[in-house]
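Welcome! Take a moment to look over the sequence and the 3D view, and then let us walk through a few places together.

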Amino acid sequence: MLLASLVALVAYGHWWYGNRHQFFDLGIYRQAVNWWLDGHDLYDFTKPDDTQGALGFTYPPFGALVLVPFGVLPWGGAVTLYAVLTVAAVVLTTYWLVAPVARDKIFAMVLALTVVSALEPIRETYTFGQINMVLVVLILADLLILLPRGSRWAGVLIGLAAAIKLTPAIFIVYLLVSRRYRAGLTAIASASSATLLTAAIAPRASWDFWTSVLWKGEGIGNAAYTFNQSLFGMLARIDSPPNRIAWVLLVLATAGYGLWRARKAALVGDEVVGLTLAGIVGCLASPITWAHHLYWFVPALVVLVTTTRKHLAFAVVIAVTVGLGMVSWFEQGLPVHPWGDGVPGFLIKNWYLLLFVALLFVLPIRSTARDRAGHASASEPATVR
């Protein structure tokens, strides 16, 4: 009865919210790709935006090649392809995370998909038309399927994800620091091969990206915009331009601690915690991390609800505040006074970032197979630090 009520409530929420962004980013992908296919320089493409300024295509050229099908299809076909791929990716990745720790898989999947679909990063990924979930499938398939099976192909998919968009490269670092050297080197080879192949097909775009676009950082949007939930975004909201020395120091501290814990998790066999921590590090360290990039709340919630009661309480806080979209509430009409000033304003504007920082410290590393199956008793130690 409670599950049915939750499903009905979330379904109503989706109906009420609707597709507010109308696949805006998918439209940009299509326009940029078609601009390129018409003979223009890929990275000369710009789209004016009232909030973000001039937006351009910021992915590596291999990402543009992957997106070509969305550009050549009519709009209805592109939306259908995108919707099928994204929904399938959410279901598949949720199954990979939930099935190993669920006693009743059907009940657990219905509950998990209901909660996951309500989270702002998933909701906004879909309504913006972002390719985030395609990248997540590649990453999780490598780490949760190929790597545990000892496949010689482990690392290939992470490499492809990093060639499509740079931020998944954090998982190459994760593989290397956790001593999975073969998979890490395979990922490097995969990313390099995809990049070199693209350079042979599109030499001008490749030259422009790797020698200019990557380093200028133009066309990615306003760093101080509230939806940018990265350390750089937080500093930009405090002072513009942000102090880059402070940013570098924060990134080094975050990456050092986060990857140390990720390595520790991987070495005791808790891959889900390891990859979650690595993903969090990548989001915090990247100069631009929009709210729809924060997928790593999903595996974090799976871990939190399968450990102790105190972790379950934290999971509820995450599910409720990220599900309701605390950052969006502020950005899209929450009164500035008293919420926008002082400590309340700082907390609201940086809420998802602060949750990620908390997860770096709080997310439990489950030390045994019993813990990872979610059956540790209250008398047994459920975590290691």
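Predicted model: local features only at pLDDT ≥ 70, side-chain atom pairs only at ≥ 80, totals over all residues.

Leu37, Val72, Leu73, Leu81, Leu85 and Val134 make a nonpolar surface patch of about 450 Å².

One of these residues, Leu85, has its place in helix α4, which covers residues 75-98. Leu85 counts as partly exposed because its relative accessibility is 38%, between the cut-offs of 20% and 50%.

## A loop residue tucked away

Now turn to Phe45, found in the loop between α2 (24-37) and β1 (46-49). With a relative accessibility of 6%, Phe45 counts as buried.

Setting aside residues up to four places away in sequence, Phe45 touches Ile28, Gln31, Ala32, Trp35, Leu55, Gly56 and Phe57. Its C-alpha atom is separated by 10.0 Å from that of Asn34, which is 11 residues apart from Phe45 along the chain.

## The largest nonpolar core

The largest nonpolar core has 115 residues, and Phe171, Trp296 and Leu359 touch the most other members. Helix α7 (residues 132-146) gives the largest share of this core, with 11 residues.

What does Trp296 contact, beyond its neighbours within four places in sequence? Its partners are Ile139, Leu140, Phe171, Leu275, Thr276, Gly279, Ile280, Cys283 and Phe356.

## An enclosed helix

The buried residues are Leu231, Phe232, Gly233, Met234, Leu235, Ala236 and Arg237. They pack against α13 (244-267), α14 (271-285), α19 (342-349) and α20 (351-362).

Methods. Residues numbered from 1 in each chain as written. Heavy atoms only, no water. Buried < 20%, exposed > 50% of the residue type's maximum accessible area, 1.4 Å probe, protein only. Helix = DSSP H or I, 4+ residues; strand = E, 2+ residues; numbered from the N terminus. Contact = heavy atoms within 4.5 Å. Core = buried A, V, L, I, M, F, W, Y, C linked by side-chain atoms within 4.5 Å. Patch = residues over 30% accessible without salt bridge, like charges linked within 9 Å, V, L, I, M, F, W, Y side chains within 5 Å. Areas by Shrake-Rupley, 256 points an atom, 1.4 Å probe, with all protein chains shown as cover. Salt bridge = Lys/Arg side-chain N within 4 Å of Asp/Glu carboxyl O.
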